Amino acid sequence: METLAFANLILDIASIGNFVALLWMLRAIIKNRNYLRGFSVVGSFLTFISIVGFEFAYYLLGNVVGFAFGWATVAFWFIAFVYSLRQKLQSLKKQ
C-alpha cells in the first residue's frame, strides 16, 4: 500500500474517532451546560486554530472524510471559544 494512501486511511479513522469523541462531549454539555465554564479561553482558541489547520491540511491532501467530519469539531471549538471569552469578559466586568 502506498504511504500516502495509508496515511489518508489512518487520518480517516482518526477523524471518525474524533467525531465520536465530540458527540460524547456534546452529550455531556447538553446534560450540564456548566461544563463549558471550565474551558480556558486561550486553550479553546488554540484548539480552534489547530483544528482549522487540520482542516486546511485535509483539503490539500484531498481527504474528504477528514474534511467532512472535521467541520463539526471546528464549529464546536469555535462555540467553546466564544462562550469562554464571553464568560471571561463578564467576570472582568463584575470586578
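The model is predicted: local features need pLDDT of at least 70 and side-chain atom pairs count only at pLDDT 80 or more, while totals for chains, interfaces and linings use all residues. Residues are numbered from 1 along each chain as its sequence is written, and side-chain values use heavy atoms, with hydrogens and water left out.

**Helix packing**

- The axes of α1 and α3 (lines fitted to C-alpha atoms over the stretch in contact, with angles from 0 to 180 degrees between N-to-C directions) come within 9 Å and cross at roughly 30 degrees.
- That angle makes α1 roughly parallel to α3 (under 35 degrees; over 145 counts as roughly antiparallel).
- In the contact (heavy atoms within 4.5 Å), α1 residues including D12, F19 and I29 meet α3 residues including V65, F69 and W77.
- The contact of α1 with α3 has 11 nonpolar, four polar and one charged residues (Ala, Val, Leu, Ile, Met, Phe, Trp, Tyr, Cys and Pro are nonpolar, Asp, Glu, Lys and Arg charged, and the others, Gly among them, polar).
- For α2 and α3, the axes are 8 Å apart at an angle of about 160 degrees.
- The helices α2 and α3 are therefore roughly antiparallel to each other.
- By class, the contact of α2 with α3 has 15 nonpolar, six polar and two charged residues.

**Largest pocket**

- At least two lining residues come from each of α1 (3-31), α2 (41-61) and α3 (64-94), helices being DSSP runs (H or I) of at least four residues.
- Six nonpolar, five polar and one charged residues make up the lining of the largest pocket.

How values were computed
Angles under 35 degrees count as roughly parallel, over 145 as roughly antiparallel, 65 to 115 as roughly perpendicular and the rest as oblique.
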